[in-house]
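Please look through the structure shown here before reading on. The report that follows starts with single residues and ends with the chain contacts.

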Amino acid sequence: MIRSEILRNIAPILRDELVVCNIGLPSQEMHLIDDQPTNFYMLGTMGLSSSIGLGVALAQDKTVISIDGDGSVLTNFGTLPTIANNVANNYILLIIDNGSYGSTGDQPTYAGQKTSLTAVARACGCESVIECKAEDTGKVLQAAIDSKKMTIIVAKCESGNIKVPVITKDPVVIRERFMQAVKS
Amino acid sequence: MTVSEKIVADLVANNVQFVTTVPCKQLAGVIDAVDKSPDIYHIPSNKEDEGMGLCAGAYMGGKRPAIIMQNTAIGVTINTLVTLTQYYRMPLPMLISYRGELREPVACQVEMAVHTKALLNQLNIPTYHFHKESDVDEFDEILKYTFMCNKPVAILTDASFWGGYGE
């Protein structure tokens, strides 16, 4: 199972929540599969999906899910201690870990080799960290939402991409639409 | 009222409730004052671009953010400033210690100081330079200006402003 198949599976769960989508293919795939005003698409700035999502979660009460990748978490490793030490129980970080930099041509990441992001997140102090198989992502995600406890999910999947169009929406439109959805 | 207390009072008066910081010796007093303020959620960042991501999220979640950092951070945050804060048109007051100016004891800090204003200028970031203690009087108006125009705005604060580098 590859990332786009996970996203297709969990789209009905994500639909009702605030979602911050990682740069590149994850945003493009979510935009193609189920575009919602509650989705914030990152058009640039690799690595910051988890930080943006945590900021949204700390600023208001609705559940926020950051969809991140193993490569992006490695880029912004400092995010895990910040998350661990600023507990927002309306926040879920979903790391789709395919062991590769998918958007740039599937170059291998260290997370697919010796480094376990699950172990790193725990070592950083994150209290609820769940590693799951790609097929179980929906079940684990729904349980995390229902638990109302800050949760880091590491969903292990295969690398691989589908062909998707780039997002041509204006960034200010994406941002404004998302902010209205936060307020509604 | 100390300069640090005045800065925090202006942040609170302008409804800035979410402040991220990366420390600098020159900023120790103001970071301490931010941390003690019951009206501000203080979230230390490990790196300034991470902090700008947190601020972008807080803004979209309905809270006014600010970042406090050193000018060396301009070197690490250009991509974030351009592709996140500016591209999505988000306001971000940046209170920046301007290391490498007069009274600086560490030579290496000058290397970034000579690029700081040029980089901010290249990025079309409105930039203010606090050199005398009384310059802090403009801070309130700068905050209002930032949230009026939805841009990142830089406030450079040098050693003279802070009363020296702990000499």
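## Loop residues

B:Asn150 sits in the loop that joins helix 6 (139-149) to strand 6 (152-157) of chain B. Helices (H or I, at least four residues) and strands (E, at least two) are DSSP runs, numbered from the N terminus. This is a predicted model, in which local features need pLDDT of at least 70 and side-chain atom pairs count only at pLDDT 80 or more, while totals for chains, interfaces and linings use all residues. Residues are numbered from 1 along each chain as its sequence is written, and chains are lettered from A and ligands numbered from 1 in the order in which they are written.

Most residues other than glycine have a negative phi. B:Asn150 is not a glycine, yet its phi is positive, about 55 degrees. A:Thr45 also has a positive phi, near 65 degrees, and is a residue other than glycine. A:Thr45 lies in the loop between strand 2 (39-41) and helix 3 of chain A.

A residue is buried if 20 or more other C-beta atoms lie within 10 Å of its own, exposed if 12 or fewer, and partly exposed in between, with C-beta atoms placed from the backbone.

| Residue | Other C-beta atoms within 10 Å | Class |
|---|---|---|
| A:Thr45 | 27 C-beta atoms | A:Thr45: buried |
| B:Asn150 | 16 C-beta atoms | B:Asn150: partly exposed |
| B:Pro126 | 14 C-beta atoms | B:Pro126: partly exposed |

B:Pro126 belongs to the loop between helix 5 (107-122) and strand 5 (127-130) of chain B. Apart from its neighbours within four places in sequence, B:Pro126 is in contact with B:Lys151 and B:Val153. Two residues are in contact if their C-beta atoms, placed from the backbone, lie within 7 Å. B:Pro126 and B:Thr85 are 41 residues apart in sequence, and their C-alpha atoms are 14 Å apart in space.

## Chain A as a whole

Chain A contains eight helices and eight strands. Its C-alpha trace spans about 40 × 35 × 30 Å along the principal axes. For 184 residues a compact globule would have a radius of gyration near 16 Å, and the 15 Å of chain A agrees with that. The radius is taken over C-alpha atoms, and the globule rule is 2.2 Å times the number of residues to the power 0.38. Of the 184 residues in chain A, 48% are buried.

## Two packed helices

Helix 1 (residues 3-14) and helix 2 (residues 25-34) of chain A pack at an angle of about 40 degrees, and their axes are 10 Å apart. That angle makes helix 1 of chain A oblique to helix 2 of chain A; angles under 35 degrees count as roughly parallel, over 145 as roughly antiparallel, 65 to 115 as roughly perpendicular and the rest as oblique. A:Arg3, A:Ser4, A:Leu7, A:Arg8 and A:Ala11 in helix 1 of chain A meet A:Pro26, A:Glu29, A:Met30, A:Ile33 and A:Asp34 in helix 2 of chain A.

## Where the chains meet

In total, 27 residues of chain A are in contact with 25 residues of chain B. On the chain A side, the elements giving two or more residues are helix 3 (49-59), helix 5 (79-85) and helix 8 (171-183) of chain A. Helix 3 of chain A provides the largest share, eight residues.

Technical notes
Axes are lines fitted to C-alpha atoms, for helices over the stretch in contact, and angles run from 0 to 180 degrees between N-to-C directions.
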